[in-house]
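This report describes one protein chain for a reader who is new to structural models. Please keep the sequence and the structure in view while reading.

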Amino acid sequence: MTKIRLLLADDHAIVRRGLQLFLKTQPDFELVGEAATGHEVLERAAELAPDIVLMDLHMPVMDGIEATRQLLTSHPDVKVIVLTSFSDHDHVLPAVKAGARGYLLKDIEPDELAQAIRRVHAGKVELHPEAAGLLMEQIANPEGTAPVGSETPFDELTARERDVLRLIASGLSNKEIAAALFITEKTVKTHVSHILEKLGLSDRTQAAILAVKHGLDAHP
């Protein structure tokens, strides 16, 4: 069996460890190395000749977008799958323009990630629905002008994060949100953390107040 050679690029060791443990369970994957910065990605790729790089975007020294651009200039046969927490214009469009063949969010289910890796290796493109939507908007509106009044404080949130925020605004606990969305409580906590970070808030009470103020209640 010819294995898909993978290089992990993420500055968080715990993220690399979690991915490493899962990817090693897949018989057709071979984890050939890891990198914690964009410069390390370029060095490891030159040494290890991976088929696919799983690329985080926020890394020190050189971010994932610039690392993708430089990597594909020197190694055009390597395929890059962005694996990140962000799905806004400032991340999706530059990553795709840099040459990424996949754009996935870190809350993806492990089996879905494995299938995405296989499809990208086979020459297909894999995009999270949020990323695909942004690309469609870019095609339809290449000048990048947004309709008047369309911006909200929640534009950077993913669809799932908005769902979680609506339920926070309705007063549900993490356990209740997990049950309502059929996800784990740990995943809910991750979403809450991302929501607070993106909105620049310190706690879920502030998030709930902001959601109610802008009419983001439990109904989409």
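## Helix H2 and its end

Ala-49, which follows helix H2, has a positive phi, near 50 degrees. Helices (H or I, at least four residues) and strands (E, at least two) are DSSP runs, numbered from the N terminus.

Four residues of H2, namely Gly-38, Val-41, Leu-42 and Ala-45, are buried (under 20% relative accessible area, with a 1.4 Å probe and protein chains only). They cover an arc of only 95 degrees around the axis, so they lie on the same side of H2; the arc is that of the directions from the helix axis to the C-beta atoms. These residues pack against E1, strand E2 (29–35), E3 and H3.

## Basis of the model

This is a predicted model, in which local features need pLDDT of at least 70 and side-chain atom pairs count only at pLDDT 80 or more, while totals for chains, interfaces and linings use all residues. Residues are numbered from 1 along each chain as its sequence is written, and side-chain values use heavy atoms, with hydrogens and water left out.

The chain averages a pLDDT (the predictor's confidence in each residue, from 0 to 100) of 88. Over residues 145–150 the pLDDT is below 50. Where pLDDT is low, the predicted coordinates should not be read in detail.

## Contacts of Val-53

Not counting residues up to four places away in sequence, Val-53 touches several residues, among them Leu-7, Val-41 and Leu-71; contact means heavy atoms within 4.5 Å.

Technical notes. Buried means under 20% relative accessible area, exposed over 50%, partly exposed in between (1.4 Å probe, protein chains only).
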